[in-house]
Amino acid sequence: MSFEIINPESLGAPRGYSNGVLTEAGGRLLFIAGQIAWDENQKIASTDLVEQFDRALANVIAVVTEAGGKPDRLARFVFYVTDKNEYRARMKEIGERYRARMDKHFPAMTLVEVTSLLEANAKIEIEGIAVL
């Protein structure tokens, strides 16, 4: 099963995401709950946003892997951040961590700034949808 990336010229060239991802019917959908940067003991790994991003993304990938997939089967991400300005300021570092785990696979993505997350020390939460 393959993905067809949909990026209309009228929207300009996206950087680090795709505007749409089209896949064939018949795949199994895996809906991944929001993952934060906690470890196996459910402790937040770090107070640093980049470290939290890296761990939360690793946790999303762990769910995909456990279901029998690979990171390139992720079709959509939603990133919830508590400070969009901090995220923007650290985008280069976040991009490096992203590419280390996802290579150049860029699903449809949305970033939403929220007042807070359920876990007090969490700065980012990532949810996703994969097609297996």
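Modeller: Asp-48 is partly exposed, with a relative accessible area of 24%. The scale works like this: buried is under 20% relative accessible area, exposed is over 50%, and partly exposed lies in between, using a 1.4 Å probe and protein chains only. Keep in mind that this is a predicted model, where local features need pLDDT of at least 70, side-chain atom pairs count only at pLDDT 80 or more, and totals for chains, interfaces and linings use all residues. Residues are numbered from 1 along each chain as its sequence is written, and side-chain values use heavy atoms, with hydrogens and water left out.

Now the partner. The side chain of Asp-48 meets that of Arg-90 in a salt bridge, at 2.9 Å from N to O. Arg-90 sits in the loop between H2 and H3, while Asp-48 is in the loop between strand S3 (29-35) and helix H1 (49-66). The two are 42 residues apart, so this pair links distant parts of the chain. Helices (H or I, at least four residues) and strands (E, at least two) are DSSP runs, numbered from the N terminus.

What counts as a salt bridge? A side-chain nitrogen of Lys or Arg must lie within 4 Å of a carboxyl oxygen of Asp or Glu. The structure holds seven of them.

Next, take Arg-101 and Asp-54. Their side chains meet in a salt bridge, 2.8 Å from N to O. Arg-101 lies in helix H3 and Asp-54 in helix H1, so the pair ties together parts that are 47 residues apart in sequence. Which of the two is buried? Asp-54 is, at 14% relative accessibility. Arg-101 is partly exposed, at 36%.

Glu-86 belongs to helix H2, and Lys-123 to the loop between S5 and strand S6 (124-131). Here too, distant parts of the chain are linked, 37 residues apart. Glu-86 is partly exposed at 22% relative accessibility. Lys-123 is also partly exposed, at 24%.

Finally, some bridges share partners. They join Glu-51, Asp-54, Arg-97 and Arg-101 into one network. Asp-54 and Arg-101, the pair at 2.8 Å, are both members of that network.
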